[in-house]
Structures are given as structure tokens and as C-alpha cells.
Amino acid sequence: MAAYTSPEHHPAFEEYCETIFELAEDGTTVIQARIAERLDVSRPAVSEMIKRLAESGLVEVLDSEIGLTEEGQVLAETMVRRHRLAERFLTDILGLSWAEAHHEAGKWEHVISPRVEAAIVDKLDDPTTCPHGNPIPGSGYIEPDLLPLADAPTNTDLIIRRIPEELEFTPGLLEFLEQASLLPGQHARVVACSPDGTLTVEVDGKPVGIGSFTANRILTTLSV
Ligand SMILES: [Zn+2]
């Protein structure tokens, strides 16, 4: 991965590039409205910032769809990498909860230097995903074929693999999933599905109800 060397960009530029990267990663068409929702800012604020990002050569807009330029992509990957490494450090070394780690990492990502980044990688033995199972850019992680929980066959042993960024931004959801032990690496099985798409999932011998929005986004593999 190309290292991002210019320290010139405003944290807001970093935040926007990261958000565009993560929306695209979740398969969302990146338009201004999606960015406004994710960052919880007004549409005019997004519009103004996209103009500045385009002037700085970090994004391109085509038919109102927003994409990162090569430079924007490098900046975004650096931010996402530092965010996910920071999350790992905060959970694995400092013992913070999942939800706390996500929140704190949003601040850390802007101040981690290449030197500190390398030290974290060393300390954690070159991790490939964040604690929520999202790939760390530049780690060489090759993701297996993933199946949304909502599409998984019932009464089949599954392994939880990934809680996408979109769910990390859903208030209270990380805390809920952590309490229910619905964590990457955990075995689970869908035991019932109601007509409205709500699933009953058995984790650690305990049933937990998962709404369809979340069930469509949590990614699993079959345990075979
Ligand atoms: Zn994460």
C-alpha cells in the first residue's frame, strides 16, 4: 500500500475521504445525502466540503456520484487503516469495549504518525481485521466469501465474520451485539425467522432477536 506522507490535510478532509471509502466498502452508492446521514451534518455543509475536496484533487463527482481520486484513495486507506489498528489496540491492549473503541479510534486516527502506526502493527503482530471483522487496508487480508446473516439457512452452524461500518454507526448497536456475544469468530445459528425478517439467532446457547436491517448487514460464513 502506498504510504500517505503529506500531513497537510485538514482532519475534516480525512474524515470525508474515510467516509466515502467506507460507504463504497458497504456497497452504498456515494451521493451527498449518504455522507450527510453518516456524518450527521447538513446537506449544504456536505456540498461545500465536496467542492473543497474536488478542488484539492481528492474526489471526483460524476452524475452526482462521488468517488475518490487516486490521492483521495491513498488518504482514505491510511485513515481507515489507522482507525482499525487503533480499535484493535484499544480493545486488545487497553481492554476497552467494542463500542468505546470505535468511538475513541475516530479521534486517534487523525494523530497516529507512521512511526506509531508501525509500532502498533508490531505490538499486535500484524493484525488483518479490526475487532468488528472489517479488513485493515494494507494488511494483505483476503476475505472469504461472506453470507449475510439474513440469507443464512436455518439450523446451520455459522461463524460471525464481520460487523460492517454502517452498523458501527447505528447508535447502541455495537453495545447490543457485544452483550449478546455476537462477535466475529463466534459460532451462531439461525433458529427462527419471522415474516417481517426478524431472526432468532442462537449464540452461546442463548437466543437473541436480530431485526432485518441488522440481519441483512452482519456477514457470516458457513462453519464447515
Ligand atoms: Zn471496527
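Q: How many salt bridges does the rule find across the interface of domain 1 and domain 2?
A: In this predicted model, the chain is divided into domain 1 (1-142) and domain 2 (147-222). A salt bridge here requires a side-chain nitrogen of Lys or Arg within 4 Å of a carboxyl oxygen of Asp or Glu. Across the interface of the two domains, the number found by this rule is two.

Q: What area do domain 1 and domain 2 bury between them?
A: The contact involves 16 residues of domain 1 and 15 residues of domain 2. Carbon and sulfur atoms account for 54% of the buried area, and the total is about 1400 Å².

Q: Which residues in domain 1 lose the most area to domain 2?
A: The centres of the two domains, taken over C-alpha atoms, are 25 Å apart. On the domain 1 side, three residues together make up 42% of what that side buries: R38, W98 and H102.

Q: How many residues apart in sequence are the parts that the pair of E22 and R84 ties together?
A: E22 forms a salt bridge with R84, with the closest N and O atoms 3.8 Å apart. E22 belongs to helix 1 and R84 to helix 4 (residues 70-93), so the pair links parts of the chain whose separation in sequence is 62 residues.

Q: Is helix 1 roughly parallel or roughly perpendicular to helix 2?
A: The axes of helix 1 and helix 2 (residues 32-39) come within 10 Å and cross at roughly 110°. Angles of 65 to 115 degrees fall in one class, which means that the arrangement of helix 1 and helix 2 is roughly perpendicular.

Q: How many charged residues does the contact of helix 1 with helix 2 have?
A: From helix 1, the contact draws on E15, Y16, T19, I20, E22 and L23, which meet R34, I35, R38 and L39 in helix 2. By class there are five nonpolar residues and one polar residue, while the charged residues number four.

Q: How many nonpolar residues does the contact of helix 1 with helix 3 have?
A: The axes of helix 1 (residues 11-25) and helix 3 (residues 43-55) come within 11 Å and cross at roughly 100°. Here A12, F13, Y16, C17 and I20 in helix 1 meet A45, V46, M49, I50, R52 and L53 in helix 3. The contact has no polar residues and one charged residue, and its nonpolar residues number 10.

Methods:
Residues numbered from 1 in each chain as written. Predicted model: local features only at pLDDT ≥ 70, side-chain atom pairs only at ≥ 80, totals over all residues. Heavy atoms only, no water. Axes fitted to C-alpha atoms, helices over the stretch in contact; angles between N-to-C directions. Helix = DSSP H or I, 4+ residues; strand = E, 2+ residues; numbered from the N terminus. Contact = heavy atoms within 4.5 Å. Nonpolar A, V, L, I, M, F, W, Y, C, P; charged D, E, K, R; others polar. Domains from an automatic or database assignment. Buried area = accessible area lost by both parts, 1.4 Å probe. Parallel < 35°, antiparallel > 145°, perpendicular 65-115°, else oblique.
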